[in-house]
Amino acid sequence: MSPLQLSVYWRLSLIFFFTSFLFFLDVFTAAATASCHHGNRTGAGETFQGIFPPESNQSRPGEVSESEADWRNDSRKGDSVCVWTDWLSYGQTLYLIGLLLGSLFGGALSDRYGKRPVLLVCVCVQAVCGVVPAALPQPLLFLALRCLTGICCCCINICSFSLAVEWTPPAARLWPPALLSFCFSLGTMAGAPLAWLSPSMRQLHLSLALPQLVCLPLYISIPESPRWLLLKRKMDVLDRYRGNSNADKRCLDLLLHTAWSDMQKAAKAGEEPSRPADHAPCDIIHLRHPTILLRLSVMSYLNFASALTYYGICLNIGSFGVGVYSAQFFSGLSEAPCLLVPFLLARWGRRPISMLALFLSGAACLLSLLLSRYYGEPVLVMSLALLGKLCMLTVVFVSLLYGIELFPTVVRQRCLSLVSLCFRVGCLVNTLVTANGAISLAGMILYSGGPMVGCGLCLLLPETSGVPLPDSVEDCDRQPRPPRLSGLWRRR
């Protein structure tokens with residue numbers, strides 16, 4: 001591994017580790033809101049001072065106790081979060097809307113201005129958005145910042161995954177997504193005790209946002225994508241990267257050779273970057289092809305169902321009868337095995353792993369629903385739900401690679417954009433199936449039924465492991481066809 005590759009990997013890992021802190025801020029805010037009504041913080045035996053007023057021992061209406069008066073003075077003359085707890089319930093919705101908005105233009109910005117500048121700006125803005133509510137605790141400002149944080153988080157995901165993959169040789173491109181997902185799960189585990197130790201909303205925001213802000217100087221020296229530099233003809237920057245060391249020179253020569261071959265294939269397939277308008281009608285014809293429509297429909301549904309289940313469990317982890325902070329810690333711990341997914345993909349392929357993960361996710365969520373209805377142990381109910389979440393994370397991980405291998409070069413980016421849009425819509429639908437921060441019966445039915453249906457739809461997709469990337473619709477038709485059920489029945 002060259003020094004520049006190592007620089008990219010550890011800096012992106014650090015960004016993902018701290019991004020998870022603000023990703024789950026609404027989960028901790030919901031726990032604090034619940035303590036506003038119950039008088040103490042869920043999972044801890046102390047009052048959440050600085051956010052919510054302590055229990056008042058008023059003897060007459062209108063009389064304010066000494067402790068409550070002190071609290072009001074500390075909260076900027078009565079600007080209590082308890083006064084606007086109803087506003088906080090919209091924070092999660094606006095955050096998911098921000099993720100949707102970021103998916104619409106995040107890729108276009110990174111293609112135009114480069115992945116490195118967009119990544120640095122979004123990390124900086126995200127950290128500042130986490131610190132501002134500590135100084136200005138206003139409800140409308142908090143909601144606006146949550147939406148902006150969601151936009152930045154989505155752009156960070158787009159740029160980080162692309163940057164890590166484009167700095168990796170083709171034979172090892174399964175590993176960067178697994179590494180970044182693993183670091184995100186570690187950050188989820190570390191964020192739970194930080195939130196539990198924060199006695200006030202101000203300290204909660206500072207403890208979750210300051211680490212990313214402090215590490216900003218470390219991110220400035222992250223290198224740009226060599227593929228983007230080659231596309232923009234910035235050869236001086238590439239020559240400077242080559243001069244760092246002999247290992248960097250050999251790495252860049254390999255990466256640029258691969259990138260140049262891919263660009264030549266794209267040009268031959270009719271996707272010349274300098275004249276996109278000439279091929280727009282041709283692209284629409286390709287999108288209408290039955291093979292492309294079938295694959296686009298199946299992958300869109302899989303991403304919608306996986307986002308619905310994964311984020312539904314992640315963002316409502318406190319509704320399974322276990323303390324929010326301990327549940328959040330084990331939620332991050334349950335995602336750690338995602339680091340083994342590349343081994344499974346190399347041995348079993350894309351389609352079998354997707355079908356197995358979808359089936360296990362649906363079965364685990366269904367058992368969790370049945371046990372919760374028949375007074376099962378909360379720990380067992382949560383464990384089954386977390387198993388379903390781990391399986392859905394596996395599906396998301398495989399879909400990132402599967403989608404690239406299923407669609408031809410001429411319409412690949414358009415198809416992946418539509419699939420990503422369905423994923424973000426699935427995130428947003430979660431707000432409709434939750435009630436007062438708890439997963440409803442309809443929500444759990446969707447979380448279990450959606451993956452089961454997706455498992456059956458995977459039978460319509462071909463296996464792409466070891467198959468060259470398709471450059472045209474004809475290449476897609478030449479890929480191995482999925483076995484037909486009638487043929488299997490006759491053979492049996």
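**Salt bridges, cysteines and a covered helix**

The side chains of R350 and E405 form a salt bridge, with N and O 2.9 Å apart. R350 lies in helix α18 (residues 350-373) and E405 in helix α19, so the pair ties together parts that are 55 residues apart in sequence. R350 is buried, at 8% relative accessibility. E405 is also buried, at 10%. The model is predicted.

A search of the whole structure finds six salt bridges. One of them joins E335 and K389, whose closest N and O atoms are 2.5 Å apart. This pair links distant parts of the chain. E335 sits in the loop between α16 (324-334) and α17 (341-348), while K389 belongs to helix α19 (residues 378-406), 54 residues away. E335 is buried, with a relative accessible area of 3%. For K389 the value is 0%, again buried.

R242 and D253 form another salt bridge, at 3.2 Å between the closest N and O atoms. Here helix α12 (residues 235-242) is tied to helix α13 (residues 246-268), because R242 lies in the former and D253 in the latter. Both residues are partly exposed: R242 at 22% and D253 at 32%. Shared partners join D239, R242, K249 and D253 into one network of salt bridges.

Zero disulfides are found in the whole structure. For C427, the nearest cysteine sulfur is that of C154, 9.0 Å away. C427 is buried, at 0% relative accessibility. The sulfur of C455 is 6.4 Å from its closest cysteine sulfur, in C458, which is too far for a bond. C455 is buried as well, at 14%.

Helix α1 (residues 3-23) reaches 30 Å from its first C-alpha to its last. It is mostly covered, with 16 of its 21 residues buried.

Key:
Residues numbered from 1 in each chain as written. Predicted model: local features only at pLDDT ≥ 70, side-chain atom pairs only at ≥ 80, totals over all residues. Heavy atoms only, no water. Helix = DSSP H or I, 4+ residues; strand = E, 2+ residues; numbered from the N terminus. Expected span 1.5 Å × (residues − 1). Buried < 20%, exposed > 50% of the residue type's maximum accessible area, 1.4 Å probe, protein only. Disulfide = S-S within 2.5 Å. Salt bridge = Lys/Arg side-chain N within 4 Å of Asp/Glu carboxyl O.
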